Amino acid sequence: MADVGCWTGAFLRECLQAGAASITGFDIVGPWLAEARKTVPTATLVPVAALTELAAIEIPLMDVVFLLETLEHVPRRAEVATLGALTHILKPGGRLILSTPAAGIAALADPAWLLVGHRHYCRRTVEHLAREAGFEALTVCYSGDIWESADVALLYLYKHILRRPYRSPTVLHGAEERVSRHRRLDSNTIWLQASMPQGSFRTPRA
């Protein structure tokens, strides 16, 4: 499996703890990858200048690729090219699991949306981008609530302004992580599961 946009490796560590046999992390060149090497020393970490470069990287094809809270950070109008690059590291029939901020009232609690136009996506747009990139969308669902929105706002404060590590306070933890096929008023994350068509042909990798 692969985590594209792995940042400091937190999700890679969770996958290892859950029993993943092998994991590969991809991200833009930066100091966060040095931190990821400390977090998950057994993972394969691949630095790239842009995520679209994944189309040219020679690696074994993956069964599952995660793109979590990353699509909104790629350059505007580069979403299809970025998703298209992922089709080159997935086996036919392999799965893409994508999460990104959901359009709706929860965007009002995102300081990055208010200040710099941080992108939030609706279901129709996410499905359209996946199809344009060559995927078959399977399921879409939503998660998050007002507490998670507050937690994210504090994360941005600590990360970009205070430049200090952040740990979520217990009071902001929701009673449970609710996932729904329907968007609630305060849903802040949209999830897409998509598949590489079985008949897809990609150049075999090492």
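Student: Is glutamate 127 buried or exposed?

Tutor: Start with the cut-offs. Buried means under 20% relative accessible area, exposed over 50%, and partly exposed in between, with a 1.4 Å probe and protein chains only. Glutamate 127 has a relative accessible area of 19%, so it counts as buried. Two notes on the source. This is a predicted model, where local features need pLDDT of at least 70, side-chain atom pairs count only at pLDDT 80 or more, and totals for chains, interfaces and linings use all residues. Residues are numbered from 1 along each chain as its sequence is written, and side-chain values use heavy atoms, with hydrogens and water left out.

Student: Where is glutamate 127 found, and what does it touch?

Tutor: Helices (H or I, at least four residues) and strands (E, at least two) are DSSP runs, numbered from the N terminus. Glutamate 127 is in helix 5. Contact means heavy atoms within 4.5 Å. Not counting residues up to four places away in sequence, glutamate 127 touches Ala137 and Val140.

Student: Which residues of helix 5 are buried?

Tutor: In helix 5 (residues 123-133), they are Val126, Glu127, Leu129, Ala130 and Ala133. They lie on the same side of helix 5, because their arc around the axis is only 160 degrees. That arc is taken from the directions from the helix axis to the C-beta atoms. The face turned away from this buried side carries the exposed Arg124 and Glu132. The cover over the buried residues includes helix 3 (79-86), strand 5 (90-101), strand 6 (136-143) and strand 8 (189-195). Just after helix 5, glycine 134 has a positive phi of about 105 degrees.

Student: What is the nearest side chain of opposite charge to aspartate 3?

Tutor: Lys and Arg count as positive, Asp and Glu as negative; His and the chain ends are not counted. A salt bridge needs a side-chain nitrogen of Lys or Arg within 4 Å of a carboxyl oxygen of Asp or Glu. For aspartate 3, the nearest is arginine 13, 11 Å away. Aspartate 3 is buried and has no salt bridge. Its contacts, leaving aside neighbours within four places in sequence, include Phe11, Thr24 and Phe66.

Student: How do strand 1 and strand 2 pair?

Tutor: Two strands pair if DSSP finds at least two bridges between them. Strand 1 (residues 2-4) holds aspartate 3. Strands 1 and 2 pair in the parallel sense over 3 bridges. Valine 4 has phenylalanine 26 of strand 2 as its bridge partner. In strand 2 (residues 24-28), 4 of the 5 residues are buried, so the rest of the structure largely encloses it.

Student: How many disulfides are there?

Tutor: A disulfide is a pair of cysteine sulfur atoms within 2.5 Å. The whole structure has 0. Cysteine 6 is buried at 4% relative accessibility, while cysteine 122 is partly exposed at 34%.
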